[in-house]
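Please read this briefing with the sequence and the model side by side.

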Amino acid sequence: MNLPNKLTVSRFVLTAFFLCALFCPWQIPLRNTLALFLFCVASFTDFLDGKIARSRNLITNFGILMDPLADKILTCSAFIAFVESTHLHADAPVKVAAWMVIIIVARELAITGLRLLAASKGVVLAAEKFGKHKTISQIVAIIALLLTDASAEWNPSLQNIFTGWLPQFAIIMLWLTVSLTAASGLIYLWRNREIYLSDV
């Protein structure tokens, strides 16, 4: 297994540890800070594996399948976890509604299904700018939400740096992410409609 594929597999493992840090029943010191760190490392592997694969010509069928799957599992797990954590902590400064996560997950499932259908017809669907902006917004929103929770574990001097603006920024990024996710999915489905409407 080459290095990019190892990084992709590591993202699955990091996602599992990330969720354990958030919901482990045992007391973990600085659990939200640990979850923030694990998510940032996992997100960096997403950037790194693609860059290495392209620069060293190490693109494989395994990577083509597993890389986007690992990304979606990481981000969707994080958003679903936020719904759960909001339920567990009623005083959470930022609320992530279930309907927002439903939109995000439904978009990812729909586009994954479209790409599988296209692949069965010998068509490769390239990523679009809207999709890349969507991914960036999702990662920034998740980091902002994690940082909002993690900063409460830090000393007061560090907390004061974030408390004045971070929750509002997280809310803005959450709404922007939902909007971009929905818009990018609809645009992608419309531009490639001939793939699933050709034999209706």
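The points below are grouped by topic, after a note on the model.

This is a predicted model, in which local features need pLDDT of at least 70 and side-chain atom pairs count only at pLDDT 80 or more, while totals for chains, interfaces and linings use all residues. Residues are numbered from 1 along each chain as its sequence is written, and side-chain values use heavy atoms, with hydrogens and water left out.

**Helix α4 and E108**

- Helix α4 covers residues 98-120; helices here are DSSP runs of H or I with at least four residues, numbered from the N terminus.
- The 23 residues of α4 should span 33 Å at 1.5 Å a residue, and the end C-alpha atoms are 33 Å apart, which agrees. The expected span is 1.5 Å times one less than the number of residues.
- The buried residues of α4 are M100, V101, I104, R107, E108, I111, L114 and A118. Buried means under 20% relative accessible area, exposed over 50%, and partly exposed in between, with a 1.4 Å probe and protein chains only.
- An α-helix has 3.6 residues a turn, so residues three or four places apart point the same way.
- These buried residues of α4 pack against α3 (61-88), α5 (129-150), α7 (166-191) and α8 (193-197).
- E108 lies in α4 and counts as buried because its relative accessible area is 3%.
- Beyond its neighbours within four places in sequence, E108 is in contact with K72, C76, K134 and Q138; contact means heavy atoms within 4.5 Å.
- The C-alpha atom of E108 is separated by 10.0 Å from that of P68, 40 residues apart along the chain.

**The cavity**

- The structure holds 1 cavity of 30 Å³ or more, and the volume of the largest cavity is about 50 Å³.
- A cavity is a set of points on a 1 Å grid over the protein atoms alone where a 1.4 Å probe fits but cannot get out, and lining residues have an atom within 4 Å of a point. Grid points are joined across faces, edges and corners, and the volume is the space filled by probe spheres set on the points.
- The lining of the largest cavity consists of S43, D46, D71, L74, T75, T135 and I139.
- At least two lining residues come from each of α2 (31-55), α3 and α5, and α3 gives the largest share, 3 residues.

**Nonpolar cores**

- The largest nonpolar core has 32 residues, of which F18, F39, F79, F82, I142, L145 and L146 touch the most other members. Such a core is a set of buried Ala, Val, Leu, Ile, Met, Phe, Trp, Tyr and Cys residues joined through side-chain atoms within 4.5 Å.
- Two or more residues of this core come from each of α1 (3-23), α2, α3, α4, α5 and α7, and α5 gives the largest share, 7 residues.
- Another core, of 6 residues, lies apart from it and has I111, L114, Y188 and I195 among its members.

**Positive phi angles**

- Most residues other than glycine have a negative phi.
- L30, in the loop between α1 and α2, has a positive phi of about 55° although it is not a glycine. L30 counts as partly exposed because its relative accessibility is 45%.
- N57, in the loop between α2 and α3, has a positive phi near 55° and is also a residue other than glycine. N57 is exposed, with a relative accessible area of 66%.

Key:
On a 1 Å grid over the protein atoms alone, a cavity is a set of points where a 1.4 Å probe fits but cannot get out, and a pocket is an open set with protein on both sides within 12 Å along at least five of seven lines; lining residues have an atom within 4 Å of a point.
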